[in-house]
Amino acid sequence: MSKSRWTNFHGAAGMMLATAAACAQPVEFNRDIRPILSDKCFQCHGPDAKTKNIPLRLDVEAEAKAKAIVPGQPDRSELIRRITSDSKAKRMPPVYTGHSVSATEVATLRRWIAEGAAWQAHWSFIPPRKAAVPTGVDPIDHFIRERLSKQNLKPAPEASRETLLRRLTLDLTGLPPAPAELTAFLKNTSPKAYEKAVDRLLSSPRYGERMAARWLDAARYADSNGYQYDGERSMWRWRDYVIESFNRNKPFDQFTVEQVAGDLLPNATREQILATGFNRNHRINTEDGIIPEEYAVEYVVDRVETTSTVFLGLTLGCARCHNHKYDPLSQQDFYRFYAFFNNVPEIGRGIKYGNSHPYIPAPTAAQEKQLAALNAQMAQLEKELAKHRAQPVAAANYRPSVALDYEQQFPAKEPRVAGMAGQWDIDDRFTLSAKVHSESVPDGPILTRMVDSPKGKGYGLHADHGKVHVHLTSVYADDATRVETEPVLKAGAWQTVTVTYDGSKMASGIHIYVDGVTVKHKTLNETLYRPFTNAHAVFPQPLRIGMGWGKERRFNGEIDQARAWARILTVPQIEGVAGVGDTARIARWSYFENAAPLPVREMWLALGKLEWQREKLESSFPTVMVMAERPQRRDTFLLIRGAYDKPGEKVEPGVPSALPPLPAGETNNRLGLARWMTSRSNPLLARVTVNRFWQMYFGTGLVKTTEDFGQQGEWPSHPELLDWLALEFMDSGWDVKALQKRIVMSATYRQASQATPELTQLDPENRLLARGPRVRLPAEMIRDQALAAASLLVDKTGGPSVKPYQPAGLWKEITMQDGDYEPGSGEDLYRRSLYTFWRRTVAPPMMLNFDSAMRESCTVRENKTNTPLQALNLMNDVTFLEAARNLGALMLKEGLNEGFRRILSRAPRPAEVEILKSSLAYHRDYFSDAAKAAEYVKQGAAPVDAKVNPRELAAHMAVASLLLNLDEAVTKN
């Protein structure tokens, strides 16, 4: 950790919270003393003191009291002597550190020692305790108001009903209330009206999308790999899982276990395995020249940092190279935790386009329904075909005709170009088959589509001195999938060689058969990283027979019945092509294929087409990268100074020693870790999680340093409330929606957000919560609100990422090889921002302008800035101009007041009405030039009503743009 992130509650943050002395209460070590020591002393005299050869540790009670602190006697304590010394050589902390202990801090330390120097374990490592709450009092309001009373403050009155519904709807759905919802709420005078609105919003599918937005930041979700090439990947089905989990109100402990170790659950479902994509969302390097082992380490480190931040609120990554400077987390702790995530069967270099192994198919509900329908049709056809008896037909006549892309049925004694068949790339499934004969041991190319030179790019089926050799090659030496049989082909005999490839880009996806029998083979190169059409290159090579390795090497015999299918043949079909296996079955298939009555042949052909459709459907299933375990656990070593190539002592998986151990009998793997994190003995998960939810509503967590519950993190503003909520969350069965409802039902949440100058000075960040939240909306809400207010937003949940408007040429200018950004069309332009395609090296510019997380790494606390770029974005971005035009068209029909209400969820005040009218009049005059008006209203792809007067539309559009730019429009009040 490069610098202190501690914000002292005694002054620097502007909180003006009372010191222990002012409150006439005993000094508390965790609240008052530990922050001083952590900020000023622990960098040298903390957990990593041994590395610096410093003999004193002030983070260990016994050592501190033996050498530097004399309880009850501050003047005899070396700590006080050194921090107050007049000698620059003796004074602590040293001048070169840039730190100093203030007079107030010295007084606090003196008083603590005088009171006996009572010690405490770090507050977040102590199990939470549920303080008593008076009967009939809302617990949140009780703790907040108890603190306010100590500051002689009173809570603000309840916000207006319009403000409440807008705040609530934005917080629970990420969208503003629809005009009809606002009208209905204002008309409902029932005391239960607000609670009914809460329940309605929690039941909305939009709720899951709202909750998922922040989870994607924490999980560093993106649609690309990152690093130099930053090729596209497909993880959107994991995003669907997150949305569905929040909408179904999946218990948070189950949600946690599934994402950390769903693949290890007994009889794990596809959804539970898919959930582990959480820890495969990290960046993956696909570049040439990298050292795979180095990046394999980086991926595991990323998982450690993300998991410890999201679920434990600890900066465990700071202990990668040495013991943590501040927290009781050793380097051994880091690598023991690392060992849980170091058993994934992956390599350090990733696939350039698409997902890297391990991954699973993740069909959508619609695709599963389509698959079931195909299976039912096939079953019916098979039932009908079973009624027809086969007539004797020569088995040699059999070969599947469906998806047969090329066929040559006469011996080729000379190499030949077959034509432009087999135009497949590395993601495609296919089967190649041929009969070969040679008087000597067969040698040379059999069927290829490759550059006709040794080790050329493309794919090929070869005989290499009798061994069957199959390759798919981008670069033969290190970017290719190559396998070779152990037995050799016979000389002087016709043999059928068949190869299938499943599009996986892995050697395991290749299978070789000789005369219908699987042949054992060895892997020469495991993985293919780049397609033949890499960087949009053209690959015009034809399919060739007996050639494809350069002029000096051609097949040394005859090739017959060369065939290529755009599908994977089954083993029985491969046997049939070779004329071996179950002869009765082959004869029956030959009859259906070639000699049966026309209706029967048509049924057989239809069955084959359905089989091919099923295979094409299955190959179209989206995939998700997931966690998996190697059959044999990989050894893990402490890496000296964190370097991938400097292993030290061997370590076993384990949890940080400062926290409770794994429960007795728990498996020492990721599943055991996940269950440990969600157990009641773990003091962190519930606290960290409720704190993040609190931050979502109030802008700042009860612990401001959401990412750090360690010693450099902040003391909670309301520790009793944090613990009460954490325990209540666990006691409820980790019920997320119940927790959300409890927060938004509180009077604390429902307060008006206006603040007096005095309160703003006393509590600028609203940590005391004497008023309601007032924060700038997150980036995605600003865009979604504009689309919703203009009735442009597409109400559709889940699905692939989409590409809305973006400045032209941005990708082309910044990225390598992958061309320019091509915006989508139709509804893709108006989906919620949650679904916007996220490329790490060129993230959506509007989102970044409004401080969205970069998604390069885990982010659990957003920054909030105020820059001119934001105003320029709102005034000039096509999305906002198009929204303004549509809103302007609505205002032409409904009136200016209704447009105001659509955005701000309230009626304009009389003075605001006059401003709107004045602005409209000004813009009517400004757009009196028809050409100027026509140019202004043409923004965006949504059609413009030709019957509308362009001048009137442009004027109303300008007023709508003004409304979208209001501070109140981009702020949650």
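What you see is a predicted model, where local features need pLDDT of at least 70, side-chain atom pairs count only at pLDDT 80 or more, and totals for chains, interfaces and linings use all residues. Residues are numbered from 1 along each chain as its sequence is written, and side-chain values use heavy atoms, leaving out hydrogens and water.

Let's begin with the open sheet of seven strands, ordered 3-13-5-6-7-8-12 with antiparallel pairing; two strands count as paired if DSSP finds at least two bridges between them. Strand 3 (416–419) and strand 12 (521–525) are at the edges with a single partner strand each, so one side of each has no neighbour in the sheet. Zoom in on strand 7 (residues 467–475) and strand 8 (residues 479–488), an antiparallel pair joined over seven bridges. There, T473 sits opposite A480 in strand 8.

Now for the other open sheet: six strands in the order 2-14-4-9-10-11, again antiparallel. Its edges are strand 2 (404–408) and strand 11 (517–518), each with a single partner strand, so one side of each is left without a neighbour in the sheet. Strand 4 (residues 430–437) and strand 14 (residues 558–565) pair in the antiparallel sense over six bridges, and S433 is opposite R563 in strand 14.

Terms used
Helices (H or I, at least four residues) and strands (E, at least two) are DSSP runs, numbered from the N terminus.
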